[in-house]
Amino acid sequence: MLHSDLAIQVKGVTKRFRIYGEKNFTLKEKILYAGRTKHKEFLALENVSIDIKRGMTVGLIGVNGSGKSTLLKIISRILYPDSGEVIVSGRVSSLLELGAGFHPEFTGLENIYLNGSLMGFTKKELNKRIDEIIEFSELGEFIHEPIRGYSSGMYMRLAFSIATLIKPDILLLDEVLAVGDASFQKKCINKMKELRNENRTIVLVTHDSSAVKEICDQAVLLNRSRIEDIGDVDKVLKKYKEIYTK
């Protein structure tokens, strides 16, 4: 059971992936590996535990391959741990991969309703927010065009607008600030600050140290699949810089 002041609790989570190599070509290999394919295991997360309090904005940082995105996907229940557990309290909205949850043949407008319904909102609830979502996205008339023709920046505008303007209890974001122009990135940061002030919980994966400093209450440094440091933003960023520059 989750303590009342916690939004997310990650308890001893370990996650492995199987990495498959080349196919078996020789007769010897086909006999030796009959019915099974050679593979090696990649340990993405090892015994990771974090408590995230309600209303906190937390930055997950670390070099590529350290397990940040895997952890975010486990929290959002896209992936499941091999061991350990994650307990989440509240309605979750996530922006983990551009285009995820979108139908390419649907218009931007149709995809707002599609995503909203997948998050558990009724059409009536979405109708109350639709104008605000479209205005925030700044897509103009493109909102009526199939999104198969959208650029990555347009995808991000639409996805971020949906994810934030439905007012989730918990918002999970993966490298959302890496796409789009500077003015919209600033707009995203301001929206995250607004959500933080409304006591909503945000977990952000990013390589942008300045964004972590600006909006995060706490930082978590992942290194080689484990938590290297957690706590004060400046302290954790200093540790991150030391690891990154080695």
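Residues are classed here as buried when their relative accessible area is under 20%, as exposed when it is over 50% and as partly exposed in between, with a 1.4 Å probe and protein chains only. The model is predicted, so local features are considered only at pLDDT of at least 70 and side-chain atom pairs only at pLDDT 80 or more, whereas totals for chains, interfaces and linings use all residues. Residues are numbered from 1 along each chain as its sequence is written, and side-chain values use heavy atoms, with hydrogens and water left out.

Helices (H or I, at least four residues) and strands (E, at least two) are DSSP runs numbered from the N terminus. By the burial criterion, 13 of the 14 residues of helix α5 are buried, so that α5 is largely enclosed by the rest of the structure. The end C-alpha atoms of α5 are 20 Å apart, which agrees with the 20 Å that its 14 residues should span at 1.5 Å a residue, the expected span being 1.5 Å times one less than the number of residues. Helix α2 (residues 68-75) is likewise mostly covered, with 6 of its 8 residues buried, namely K68, T70, L71, L72, I74 and I75.

Two packed helices are described by the angle between their axes and the distance between the axes. For α4 and α5 the angle is about 140° and the axes are 9 Å apart, where axes are lines fitted to C-alpha atoms, for helices over the stretch in contact, and angles run from 0 to 180 degrees between N-to-C directions. The two helices α4 and α5 are therefore oblique to each other, given that angles under 35 degrees count as roughly parallel, over 145 as roughly antiparallel, 65 to 115 as roughly perpendicular and the rest as oblique.

A search of the whole structure finds 4 aromatic pairs, a pair being rings of Phe, Tyr or Trp (its six-membered ring) with centres within 6.5 Å, stacked if the planes are under 30 degrees apart, edge-to-face if over 60 and tilted otherwise. The rings of F136 and F160 have centres 6.1 Å apart and planes at 25°, so this pair is stacked. It links distant parts of the chain, since F136 lies in helix α4 (residues 123-137) and F160 in helix α5 (residues 152-165), 24 residues apart. Both F136 and F160 are buried. F136 also pairs with F184, the centres being 5.8 Å apart and the planes at 65°, so that this pair is edge-to-face. Because F184 belongs to helix α6 (residues 182-197) and F136 to α4, the contact ties together parts that are 48 residues apart in sequence. F184 counts as buried at 1% relative accessibility, and F136 does so at 10%. Elsewhere, ring pairs link F102, Y150 and Y155 into a cluster.

Charged side chains also lie over aromatic rings, the criterion being NZ of Lys or CZ of Arg within 6 Å of the ring centre and within 35 degrees of the ring normal. K187 lies over the face of F136 at 4.5 Å from the ring centre, and the charged end of R91 sits over the ring of F121, 3.9 Å from its centre.

Most residues other than glycine have a negative phi. Among residues with a positive value, N47 has a phi near 50° and is found in strand β2 (residues 39-53), where its 47% relative accessibility makes it partly exposed. E138 has a phi of about 60°, lies in the loop between α4 and α5 and, at 46% relative accessibility, also counts as partly exposed.
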